[in-house]
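Please open the structure in a viewer and keep the selection panel at hand.

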Amino acid sequence: MSSPNKASSWSALADRWLPKLVLSPSLAASLLFVYGFIAWTAWLSLTESRLLPDMTLSGLVQYRELFDNDRWWTAVANLGIFGGLFIFCALAVGLLLAVLLDQKIRAEGALRTIYLYPMALSFIVTGTAWKWMLNPDLGLQKLVNDWGFPNFTFDWLVDPDKAIYTVAIAGVWQSSGFVMALFLAGLRGIDDSIIKAAQVDGASLPVIYWRIIIPSLRPVFFSVLLILSHIAIKSFDLVMALTGGGPGTSSDVPAIFMYQFAFTRGQLGLGAASAMMMLMTIVAVLVPLMYMETRSAKRG
Amino acid sequence: MAKHLSVGRIVLYAALVLMAAYYLLPLYVMLSTSVKTLDDIRAGNLISLPHAITLDAWSKAWSSACTGVQCEGMKGFFWNSVKMAVPSVLLSTLIGAINGYVVSMWRFKGSDALFTMVLVGCFIPFQVVLLPMATLLGQLGIANTTTGLVVVHVVYGLAFTTLFFRNFYVTIPDELVKAARIDGAGFWTIFFRILMPISGPIFMVCVIWQFTQIWNDFLFGVVFAAGESQPITVALNNLVNTSTGVKEYNVDMAAAIIAALPTLFVYMVAGRYFVRGLTAGAVKG
Amino acid sequence: MKLKQLSAALLATAILPATVFAGEVEVLHWWTSGGEAKSVAELKKMMNAKGDTWKDFAVAGGGGDNAMTALKTRVVSGNPPTAAQIKGPAIQEWGAEGVLANIDAVAKAEGWDKQLPPVVSQVMKYKGQYVAAPVNVHRVNWLWVNPDALKKAGAKVPTTWPEFFETADKLQKAGIQPIAHGGQPWQDATLFESVALGVGGADYYKKAFVKLDQATLAGPTTVKVFETLQKVKGYIDKGAAGRDWNLATAMVINGKAGMQFMGDWAKGEFTAAGKKPGKDFLCVAAPGTANSFTFNIDSLAMFKQKNPAAQKAQSDLAETVMSKDFQEVFNLNKGSIPARLDTPMDKFDDCAKKSKADLTTANKNGGLVPSFAHKMAMPSATEGAMVDVISQFMNSSMTPKTAAERLAKAGKVH
């Protein structure tokens, strides 16, 4: 094992099994509450459960029904659009803000708090405010029209083709401040001497950021991607509060699909099948990424 | 450090202020609505300034709005949330610290794989676990108790807290621990005597993160809390999401801000430690 | 009395150390808005008077979506509430899971069969036995009208669909939004079912949405219903998507819009704004539905309790819910009318009185139909699939013919 010295004291022996012992309750919890429950859901997806769980197996009926459901495919496509846009924009905005804030700004503390506070609020709280602002008759569009620009339109919220973009706007608002904090922390951790050396060489500030600083933030990018994709896949409150999946079912996402079918429509089996599809996507995309990162992050 | 105002600096500040406006707009809408009268709101001007400022909505939200049969406002629910959030935050943080310590300082064969395995836990959609969790808690006899709710929050908070602490401890030089071990310090001694004293910043990050998540949680609260000790988010939901009654938006907004006060307070006061704590290493994957 | 309770409690705890205490009812509901909460508080008071304690379990949101989630987890954890706000065919679904309690003893003793219209009592029974108690009857097929707006436009209150479109045209010319609507799925469905009832009549409605007859669902009448709906869609503003129903009502209140299709709970918004029925606003049946009545009944379904004291309290609850006093007080606050036919109506306003009169006529002539938009007519899975089709139709350029085909396909989901 990695134990550097094999001193023959009893404590060295204890040190060998203690770490494993200490970690085991969490592992057991993870096995039961994450993997056990996934297995339970997998089983359920192979049954015809309706209102309450019924454990009699009935084959792949639910999956067939799921793949035959237009609404499911809309939800999947929306997760793609929303997830991609949300992750990219939150990342870009967060990074930009961090870089701007890193320029020895006055009132940095106040600005930072302003960018960060949305993270403190739940979407039950802010959903209504966003809904109003994005509504063409009540919010921004009306305001700008009243200011004397009658041709200004901003009606994405009520446009079935664009509603999902408004979800991304509100999502970026909520999460980009946190991304900013992560990047800002990363920037503060960078050794000043590297930058000074580059400046001596005559490199301009944008070049320094682009060539030297941002590449050195690679681990931060990983943390940010992990957190953002976690928010994107689980996004439920956000969509529920803002569009409720509408207009129609145009901004539906898998989490809402699953919740509605499993809990309000008495189609628990179908809900479980959709949950399994979500989980499989997550595993396919994230596990290799995470494993690679944890391995490459070994010290040295 | 008097900087001359170059064009670049002006553009920089303009960009920052513009972004600040984007972030503050929803808060402004909420605040201004909460001090308007209902007639003012019905007139259809949601973004406009209030005609007259009144705090009636605030006092109603605090002490007389209906959240069920009782119409005593939000005040009673604060304590419920505190009782649930404090133990959950502390426990999940502490366990996360120990886990992070093991997977960074006491690596053993397969510890990376196990860490990845625990990490996957933060990706499980919470809607999926409701029914099996309810069955299990029922069998353990802690269904719909605060204890049960705390267990749920701790279990699903572990993945993130472990990640935070692991990333922090990874940045601590090996020599520190090696030297301690040569001096004969054991597993717990190193943790409590050497690592805990320097873990302040990451504790702040972890506590802020967990507190925000747990305080704002609705789904677990509504499903696993005991009927009479529902957390504040459930009360807020009951107040805001009425089905067929008259909607009082000003009260809704005031209640929403009240429910968010503790987390807002934490971010305002401890926000600086947050960035500082992250700087201290949480983001160095 | 107290001693008796105490001994019952002791006995109960001795037999079964359950978490439910003697004489306690826990009621899951989503009546949380001011007026509703006051109505339920009356129930609590009446229960307290009988010596039972009330444990409130309020979960609002999404027309009971969150409450259903909470209920399900409660039931699988073996810890169900005494009663829950469940309605329509969902009562049958829960009954089929074998978790509902039989309250026939109370119903027989109180004579519920005589007090309730058969259409209502049918819903409350599972396999011929009462498992739920009704609290109210909402009428869904109302049209709310701002008479001043109509006067300004020189239009009259419509009673048929051709008249409706005439009025709508006039309103539009006068610069008033003809229809206030909120584009949320349940509101789309509410509008749809009023159109369906008006265009197709009660027999068509029953065949299509109660019996789920495939030929009727895919047939020409359904196509015609969608054609009418498409025309109605033209009079709705673009900002309707996602709008809450009460904001739409506010548009009628302040004269920005002329009419709204909505159930009788809309009345509360008008009266809260200080408006008088018959003078500042009118409640009329949706076009072509004067002889029909789409009902939406709230009810409390009773869950099996292990503890005998809790069972006793459950019976008390069922009895209280059906008492005249409670039915009157609850419905005065809620805008609906009592489910119990012999409740005195003299304290109610004109809209409620009209509702009651129409209920009686519709009951006689077969025009009394369940509202499917409010989960009264079909299993939740079917209802969900149909609402999906309707709201997709409202938010896309789907043709009426395709919509009818899809609706028929949705009718097969169960």
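Select C:L229 to begin: this residue counts as buried because 21 C-beta neighbours lie inside 10 Å. The term buried applies when 20 or more other C-beta atoms lie within 10 Å of a residue's own, exposed when 12 or fewer do, and partly exposed in between, with C-beta atoms placed from the backbone. This is a predicted model, in which local features need pLDDT of at least 70, side-chain atom pairs count only at pLDDT 80 or more, and totals for chains, interfaces and linings use all residues. Residues are numbered from 1 along each chain as its sequence is written, while chains are lettered from A and ligands numbered from 1 in the order in which they are written.

Helices (H or I, at least four residues) and strands (E, at least two) are DSSP runs, numbered from the N terminus. Then display C:F393, 164 residues from C:L229 along the chain, with 9.3 Å between the two C-alpha atoms.

Move to strand β7 (residues 142-145) of chain C. C:W142 and C:W144 point one way from this strand, C:L143 and C:V145 point the other way, and all are buried. Which strands flank C:V145 as bridge partners? In β9(C) the partner is C:M259, and in β10(C) the partner is C:L282. Strand β9 (residues 257-262) runs antiparallel to β7(C) and is joined to it by 4 bridges. Strand β10 (residues 282-285) of chain C is likewise antiparallel to β7(C), with 4 bridges. Strands pair if DSSP finds at least two bridges between them.

Now show the whole of chain C, whose secondary structure comes to 19 helices and 12 strands. Its C-alpha trace spans about 75 × 45 × 40 Å along the principal axes. Buried residues make up 62% of its 414 residues.

Finally, display the neighbouring chains. Between chains A and C, 25 residues of chain A are in contact with 27 of chain C. Helix α12 (residues 254-264) of chain A supplies the largest share of chain A's side, 3 residues. Between chains B and A, 75 residues of chain B are in contact with 82 of chain A. Select helix α13 (residues 249-282) of chain B, which gives the most to chain B's side, with 15 residues.

Key. Contact = placed C-beta atoms within 7 Å.
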